[in-house]
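Biologist: Can you walk me through this one? I'd like to hear about pockets, then the annotated spans, then a strand.
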Amino acid sequence: MVLKVFFPSCCSSAESGILIGRWISEQNSAVILAVVHFPFIPVQVKHYLREVQQVTKVSVSVLGSWNNSKQEKEESLSEFLEDLGTIFSHEPWIQISKEGDSKFWNCSTLQKQSDIHREEEIILVYYDQRKVMLSHLHPPLDTADHGAEDASKLSAIFNTVANSKVLFMTDRYDDGPIKMTHWQSDGIEASIIVELMKQASVPACMLLTFLLSLVSGVCNSRVLKFWPLSFLWSKLSTCEQLGHRLQHLQVISSSKKAQNQTQLMRKANIFVSLLIDVALGILLMSWLYRKNQIGHLADTLIPVADHVAEELQDLLQWLMGAPAGLKMNRALDQVLGRFFLYHIHLWISYIHLMSPFIEMILWYVGLSACLGLTVALCILSDIIALLTFHIYCFYVYGARLYCLKIYGLSSLWRLFRGKKWNVLRQRVDSCSYDLDQLFIGTLLFTILLFLLPTTALYYLVFTLLRLLVVIVQGLIHLLVDLINSVPLYSIILRFCRSYRLAAGVKFRVLEQQDGKPLRLLMQINPLSYGNVVQTYRLPTYSCYPKDSWTSLCKKLFLGELIYPWKHKGEKQE
């Protein structure tokens, strides 16, 4: 059976010593984890390995010797390393030697009972220990006991490296009696800084959790469930976004440990999304309060509102005449035109009444940008909804009137054909009508049919205006959903450290020489960008219903209302 030796590439320049790792007899494989170099005391090494086995539940032992000969021949050192096999009883005893800067190493096994060297049928696999440790291709920690039995060959290798984390953390901060070389050997200072940051984050998370519990308690109180407050909470985009961010903060500050890689990456994505959101909000706030930008916005808001009102008045005057040469019902046209003009006059009076307070309102709204750019964008969407409330009212009036006429015409059309709508069975049944009923139905059908073009024209114009406002608000909420849901941290990892998002491994054959073991390089395949976004995308809350084009066109034709706000409980995963 072919012997496979998995050797960490970080130990290729280590000094001569002994190899520590795990022997997998079922696969005839040896996983090298570290190199213990001279000087060392064998009793201390055995005691240390027993402690590691008790903690990690991995049978770590001394597998062989490592000879990094800088000179051409060091027979005394080779004999000493070979004699170490009598102290550390392991069968077979693996001997790996490297001569100078040569790419091809000597690898052999020694059977102590027969005292025979085996130099054939050996595959030397180089792997990056750091990438294997952080790739999370191994089984979860809670199934580590059954990992070697249930997992495949490569999963057993990854599981061995992952569960040996205690071995890699031994000499990070101080020098002990045992000198080892592994992937953590060169990052002692950085590890200390990371550990201090972890220790400092614990009280900060506890304080944040306490504050969030108070805020969530206030939000879940019964006072906010009464009709006026509950209505505003469900209709305003700002309240929805604040509730969404509150849930994100609760997830980040939770003391519950992530169960798997997906939950860990989701927490990291939420944290990075919050940081970028707050940073963009602070930049926006600094721009607003620099050079009196809020005053300029307040000064331009009233003229823009007056201009929009004048354009609407001109549009209504055009509709009250002969729009595009169409012959309209003059009486109905005048009634509808004056009705809408009256609403515009009321709206202009309301805007001018609020003009002294607009700058102060904008000043306080600008302060909300410190909560994040998404909160500021949601406030902007709510302001647009309030400033265009008269257009929404026009759309509702026109849609209701048009809808009544459409349903009236459809009902009278069934009367002509001797049909009626059965409400109980939800179907069209046959029915016999009297002569008086047919006469009144014909009269009403004729009136509604001749009044339909005038109503349809007003409905069409105000629906287009309403769709224009909805498109603007939809673009704003699209940007909010983009900031909330895109896994920025995962995408950055895919660019910088692709091995953290691993999808598998591949082997590349290195140079091969006769009489030397076959050399392979194990590389990690990263996830594709589409899978990264699909796997780690965060749940988002949209303020617009997810209607198809067919249902949307059907609603527009029948005059049904298109609500811009989401219903309670809608959620996009």
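This is a predicted model: local features need pLDDT of at least 70, side-chain atom pairs count only at pLDDT 80 or more; totals for chains, interfaces and linings use all residues.

Biologist: OK. How much space lies in the second largest pocket?

Modeller: About 1300 Å³. It has 40 lining residues, and the closest to its centre are Leu301, Leu380, Ile383, Ile384 and Leu387.

Biologist: And which helices each supply at least two residues of that lining?

Modeller: Helix H10 (261-288), H11 (293-319), H12 (330-367), H13 (373-387), H14 (389-416) and H15 (435-485).

Biologist: How does the lining divide into nonpolar, polar and charged?

Modeller: You get 34 nonpolar residues, five polar and one charged.

Biologist: Switching topic. Which residues does UniProt annotate as "transmembrane region"?

Modeller: The unreviewed entry puts that label on 200-219, 270-289, 335-354, 361-388, 394-416, 437-461 and 467-492.

Biologist: What does the chain look like over 270-289, helix or strand?

Modeller: Residues 270-289 are 95% helix and 0% strand, with end C-alpha atoms 28 Å apart. For 394-416, the figures are 100% helix and 0% strand, and the end C-alpha atoms lie 33 Å apart.

Biologist: Now the strand. Is E5 largely enclosed or open?

Modeller: Strand E5, residues 93-99, is largely enclosed by the rest of the structure, because six of its seven residues are buried. Buried here means under 20% relative accessible area.

Biologist: Which strand does E5 pair with, and in what sense?

Modeller: E5 pairs with strand E4 (residues 60-69) in the parallel sense, over six bridges. As for individual partners, Trp66 is bridged to Ile96 in E5.

Methods. Residues are numbered from 1 along each chain as its sequence is written. Side-chain values use heavy atoms; hydrogens and water are left out. On a 1 Å grid over the protein atoms alone, a cavity is a set of points where a 1.4 Å probe fits but cannot get out, and a pocket is an open set with protein on both sides within 12 Å along at least five of seven lines; lining residues have an atom within 4 Å of a point. Grid points are joined across faces, edges and corners, and a volume is the space filled by probe spheres set on the points. Helices (H or I, at least four residues) and strands (E, at least two) are DSSP runs, numbered from the N terminus. Ala, Val, Leu, Ile, Met, Phe, Trp, Tyr, Cys and Pro count as nonpolar, Asp, Glu, Lys and Arg as charged, and the others, Gly among them, as polar. UniProt positions are given in the numbering used here, feature names are shortened, and annotations may be inferred rather than shown by experiment. Buried means under 20% relative accessible area, exposed over 50%, partly exposed in between (1.4 Å probe, protein chains only). Two strands pair if DSSP finds at least two bridges between them.
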